[in-house]
Amino acid sequence: LSMAAGQVSLVLSPQGALAGSVVDPHLVLEGGLLARVQQADLLSLASYRSIDVYGDGLFGRSGLGALVLSAAGLRGYGQSGAGATFAAGDLFLGNPSGAVMPAAGPVAGGNLVFLADRSVTLGANDFALGGFAGTSLVAPGGVVVSGSGALASDGSLTVTAPLVTGADRASYDVGVAGDLVLLPATGAAVIAPGLGATLSLAGRSVTADTLIDLPGGLVSLRATGGDVNVGGSIAVDGRAVDFHDLTRFAGAGRIDLLSETGDVRLAAGSRLTADGATGGGDAGTISLSAAQGEVVASGLLQARAGGTGAGAGNFVLDARGLPSYAGLRDILSAGGFTASQSLRLRSGSVVLDGSTRVRDFSLAADGGDITVAGTIDASGETGGRISLVAAGNLTLQDGSVLTVVADKFSSAGKGGHIA
């Protein structure tokens, strides 16, 4: 069953006047009509503005094969108890017609639940959730973003799924005013990751405790008023692609974790990987930024080249301080970050001890000293680069070594560089 109108209202529990009405008349589903509509095997509702939800109750059911909601978004009115729940085997939220949300929206207050037996798909264009203090999305088979679009909410969002991923070349932003939490779910995902997707997740705080898998893609987590916490896995590993009798490699992607005011914390058991595809794929980049807080990396960081001659991993750090360079050095060495390491410390001093081997090494200490007590080795076929910039003193202790020795000149007739 497919139904479309200039505006759609779902009256789940008795209401007075429909406060969100901007088109008169428009499609209003309530009472017996509301009940009969939900008996369809497949149900599609399309609005050229918004789909407005009134009161508490359930729309859809577990046995409903698929529920497609196509609109500029959902607006909630009068949710006071359990809230409004949308249920189906597979759920689709999107805005294929590019509809525009009405200017006046409800005040955030109630709760919204999307309950899928299998998967949830977030489709193209902007889709907004207005009038809901909290939204919960449950997808035991996984969540996939498709096309170019965005999901926005003026409340918080909790996603429970075994996998969050994207279709081929999808580009999707999820932005909420409250906290954004991704939780794991039992069972296996029923969706397969595409290649080269981009997914940006932003909230007051961001917690990622499930698997986010975007092969060769870009994953960005940004907290605007709290911490970024990762207890699950984020993977942007490369992929080998077969073309008849030829194999080509899509390079690994990039992971960006940013907290504007707090910390970036990677719990024990968490994994961030940007490995090159086995056989010759280039590794990717991992960036951790907490300019006003700490970066605590207790999990796995890895960006290994996929074979001889393939590009190694790149690492970027921007933090208020660094409790121990030795701990970070060992993590990066074990993880394959030998192409480049770029470190910026907003305060405090740092001692570079032990042995660091990387093609391109840069360190800036905005508010302290840099002391080199060990070896930084950027030597190679054409030599590498070492850059050390300190607000205070730069000290090379006896026995310390900085080397960018080249076996031969580059095509530009140059060797290594130390600055």
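Which residues does R329 touch, not counting residues up to four places away in sequence? In this predicted model, R329 lies in helix α2 and touches D353, G354, S355 and T356 once residues up to four places away in sequence are not counted. With a relative accessible area of 14%, R329 is buried, because buried means under 20% relative accessible area.

S289 lies in strand β32, which covers residues 285-290, and S289 counts as buried at 14% relative accessibility. When its neighbours within four places in sequence are left aside, S289 is in contact with L257, L258, S259, V264 and D318.

The strand pairing was considered next. An open sheet is formed by 11 strands, which follow the order β1-β4-β7-β10-β12-β15-β18-β23-β26-β31-β34, and the pairing is parallel. The edges of this sheet are taken by β1 (2-5) and β34 (300-302), each of which has a single partner strand, so one side of each is left without a neighbour in the sheet. From one strand to the next, the twist averages 10°. Within the sheet, strand β4 (residues 42-47) pairs in the parallel sense with strand β7 (residues 66-70) over 5 bridges, and the bridge partner of L45 in β7 is L69.

The largest pocket has a volume of about 210 Å³, and of the 14 residues that line the largest pocket, V295, V296, A297, L322 and S324 are the closest to its centre. Two or more residues of this lining are given by each of the elements β33 (295-297), β35 (314-319) and α2 (325-335); helix α2 is also the element in which R329 lies. Divided by class, the lining of the largest pocket comprises 10 nonpolar, 3 polar and 1 charged residues.

The second largest pocket holds about 160 Å³ of space. Its lining consists of T338, R357, V358, R359, D377, A378, S379, G380, E381 and T382, and the residues of this lining divide into 2 nonpolar, 4 polar and 4 charged.

Key
Residues numbered from 1 in each chain as written. Predicted model: local features only at pLDDT ≥ 70, side-chain atom pairs only at ≥ 80, totals over all residues. Heavy atoms only, no water. 1 Å grid on protein atoms, 1.4 Å probe; cavity = no way out; pocket = protein on both sides within 12 Å on 5 of 7 lines; lining within 4 Å. Points joined across faces, edges and corners; volume = space filled by probe spheres on them. Helix = DSSP H or I, 4+ residues; strand = E, 2+ residues; numbered from the N terminus. Nonpolar A, V, L, I, M, F, W, Y, C, P; charged D, E, K, R; others polar. Pairing = 2+ DSSP bridges. Axes fitted to C-alpha atoms, helices over the stretch in contact; angles between N-to-C directions. Buried < 20%, exposed > 50% of the residue type's maximum accessible area, 1.4 Å probe, protein only. Contact = heavy atoms within 4.5 Å.
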